[in-house]
Amino acid sequence: MISSQKQQLFISIISICLFGILVAGFASFFGSVSERVVSVFFISLIAVVGMGVYSGNSGILTFGHLAFMGIGAYASSLLTLPVRIKSTTLPALPDWLATTELGLLPAVVSAVLLTVIVAAIVGIAVNRLEGSAATIATLGMLIIAHGVTIGWRDVTRGAQSFFGVPRLTDVWVAALGCVLALIVARLYRDSNSGLKLRAGRDNAIAASAIGVKIKRERLISWILSAAIMALSGALLAHFLGAFSPKKFYFTDTFFLLSMLIVGGMTTVTGAVTGAVVITIVSEVLRRHEGGFTFLSIEVPTVFGMTQIGIALIILFAMFKKAEGLAGLKEWEERIFPIKRKITASEASKSATKNTKTASLSATNMTMQFGGLVAVDNVLITIKSGEILGLIGPNGSGKTTMLNMLSGVLSPTKGQILLGDKPIINANSAKFAQLGIARTFQNIRLFGSLTVWQNVNIAALSTNDGKDSDLRTKSAILRLGIADLIEQDAGTLSYGLQRKVEIARALACNPSLLYLDEPAAGMNPEETQALMTILSDIAREDSIGILLVDHDLKLINQLCDRIIVFNEGKLIAQGTPDEIRTNHSVREAYLGRNYKQD
Amino acid sequence: MDLFLQQSANAVALGGIYALLALGLAVVFSIMGLINFAHGELMTISGYVLMYCGIAAVPFPLAVILAIGAAILAAIAMERIAFRPVRGSSGATLLVTSFAIAMILQMLFQNLISARSQPVLLPAILSESVTIFGLIIGVNKIAAIISTIVMLIFLDWFMTKQKTGIAMRAAAEDFSIARLMGIHANTVIAGAFALSGLLAGVAAVLWVSQRASVDPLMGFTPVLKAFIAAILGGLGSLKGAVAGGFLLAFIEVYLSAFLPHGMQEFREPIGLAIVVLVLLFRPNGLLPAKTLAAEKV
């Protein structure tokens, strides 16, 4: 029924608009109390979805986004505050600001732009940290912003209340802002940047190895989320009319984070669910905070019952459903799944041949881990169109070599030449963009994304994303996994996951392909089929393949040339026949005392 | 010069407390990837035990032992009740869980004890001061410095000489391999929490002995600082936690002593900005944990 992403997004956008109109309509029908509750709900939801754009897609929890909300609130209020109020409450403002009085829209837009600039600067610093360290850095950012707001009295009135802001946010304005924020967040999630970022969240090493610049995508989502936070803050300021720095500190961070987490931070559906649940629960609890009678039992006044209630809901959610009530998929992805079809006719059309063929030579390759020399002064060349086997006992340095040749590890010593150009100071994303793709010994797929998305992200991240859909289709057809494309990669069987990984690497349109134990876990038929596919790839597309495996039958039948590692050193190389009879290879595998009979 | 030395002594005393707290966070983080927001509430529990002991006229040395013991027990209970169900989850899940625990405990303190700050009776000697090499140093500060040194020596001995400590270090490097070597997950994790409780308890006694009061949010601020210290030193690295704690304290104390009066309001933002600056050059912290480099591909 749904055959493309666009249709799915269309359904989503229509329903977001309907949601906004209906909820705002109901609220204004029931009068001013409900209008207030619903306005706060909308404004909170903007903030929640703003945090979700960053945290959900990048997987890094944020405690600091209320700083952006605060900047948005103060900046927009300074612009809309009537000049006569400014002259009495903020006498020390610079002239240009003291005499400015804008309407809501220009004020909000200016505040958002200012926040974007601040976020870009802060983002460069936060972006250098990973995972939990980044989370704590955002916490530090919140404390810094709070400290600056309190200290900068001339502009913010310090810890005192900032009042006199015209109350221009009614329920319809809030609804409009909310619909806008939800649509932006939803579109970002399935944009190229959003997809790449989610890939990085699921598996950072694999994402980098197919050319995703994770830090760049992270910065984009950081800035976008800051802009949404600023919108929320600006609308909040013009809803409340008066606020102080405390409004953008820990208490409200906890409140908004709880919405994000209970609903599920990876989806817009989750943000809405969480905001609805927490708003309802906290409204109910707040009304009973002063004590109530339950089944004729007197419950005394409990201070902070709302917080305790919310904390218990969070604990319950974490114990039972850590990814949130809405799970990892949008509602429309569940109800209207995409039914893409890849036909064979597209295959012929899409068989874009690899144009850039190049051979690789690496000299003096050495890798030291502390005192252990894992790879010792190795020279290796891979020509285009050949299949080179790399074998050796466990721990002989095969995977380390592969990691160095793909930029996952930077060698202690050694130089890599692609064609005649040296590759210097490149990370694995750069290697992928130069046309070197790889798979991993322990499968690294983007488990929560579909097979199509897994392969598509690789195509989008290489060759500047040119012909990405064609390359995706061609890689999927090559590996014969066309009927799996809408399944989540994490749910597939082992052998199929290996195929998806190879398809993903092929979608990078590589000139060289490294496969780390591609046949591990496959049965003999599957291995046989894989061998046919691999030799086709090498012959037809003139891709050079470096194949690491323990299956010597596979290596012997498939490889043009074999090199053998032992204890980090290259001990032999030659044709399969030569290797079979090589003395030192036998020694490495069978021991020194092995006697030929 | 005198002022400088005087402030340096203060910085060492404060840095010791930050270091102990950051160590407590690091011990747990290195093993299960949890940044424990509720670490501060362990401190607060110790503080309240000291307060009640003071009211009940329990001798101070005994009160200290009870306070530290309470923090250890609370840490073990916390692990058993709240963190075991989410063990092995993502860092974000663990962090959020601990955040919720912290929130519940704070609210419980407010409802069951008091929302206001409560005085703690301390022996008079703690508020006296002595003159050493021309410097006037409070007995409580000297106690803090000595206790920190003793704790660091103890911890070093525990981690390098004791079976449980060695098991913890093994688990921190690679938990699944450590389990295959016959190390019990429950023992190691409970041990890590007990150790973090011990460190939080000692830090709490030192903290309270310099302030003589306790309130429901007592642990929140110092533990925020300890988070920052842990990041500054390198998350999950024990040596880094100590280094980060001391560096942060020196930054704070010197700023408050030497920043011009007009800038004092911005002391905290400036201090954190310096930390950020350090992190820009050393994103993995001063002394990064080994495990960061050892990820298998």
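Are Phe63(A) and Phe99(B) buried or exposed? Both Phe63(A) and Phe99(B) are buried (under 20% relative accessible area, with exposed over 50% and partly exposed in between; 1.4 Å probe, protein chains only).

The model is predicted: local features need pLDDT of at least 70, side-chain atom pairs count only at pLDDT 80 or more, and totals for chains, interfaces and linings use all residues. Residues are numbered from 1 along each chain as its sequence is written, chains are lettered from A and ligands numbered from 1 in the order in which they are written, and side-chain values use heavy atoms, without hydrogens and water.

View 1. The rings are edge-to-face, 5.1 Å centre to centre and 65° between the planes. Helices are DSSP runs (H or I, at least four residues), numbered from the N terminus. Phe63(A), Phe254(A), Phe37(B), Phe99(B) and Phe227(B) form one aromatic cluster.

**View 2. Tyr74(A) and Phe243(A) form an edge-to-face pair.** Their centres are 5.0 Å apart, with 80° between the planes. Tyr74(A) lies in helix α3 and Phe243(A) in the loop between α12 and α13 (250-263), so the pair ties together parts 169 residues apart in sequence. Relative accessible area is 6% for Tyr74(A) and 5% for Phe243(A).

**View 3. Arg153(A) forms a salt bridge with Glu265(B).** The closest N and O atoms are 2.4 Å apart. The rule (a side-chain nitrogen of Lys or Arg within 4 Å of a carboxyl oxygen of Asp or Glu) finds 1 salt bridge across the interface of chain A and chain B.

**View 4. Chain A meets chain B through 42 residues of chain A and 39 of chain B.** Contact means heavy atoms within 4.5 Å. The area buried between the chains is about 3,600 Å², with 80% from carbon and sulfur atoms. This is the accessible area (1.4 Å probe) lost on putting two parts together, summed over both. In chain A, Arg128(A), Ile136(A) and Phe319(A) lose the most area to chain B, together 16% of what that side buries.

**View 5. Leu219(A) sits in helix α12 (residues 214-240) of chain A.** Leu219(A) is partly exposed, at 22% relative accessible area. Beyond neighbours within four places in sequence, Leu219(A) is in contact with Ala120(A), Gly123(A), Ile124(A) and Asn127(A).

Key:
Helices (H or I, at least four residues) and strands (E, at least two) are DSSP runs, numbered from the N terminus. Rings of Phe, Tyr and Trp (its six-membered ring) pair if their centres lie within 6.5 Å; planes under 30 degrees apart count as stacked, over 60 as edge-to-face and the rest as tilted.
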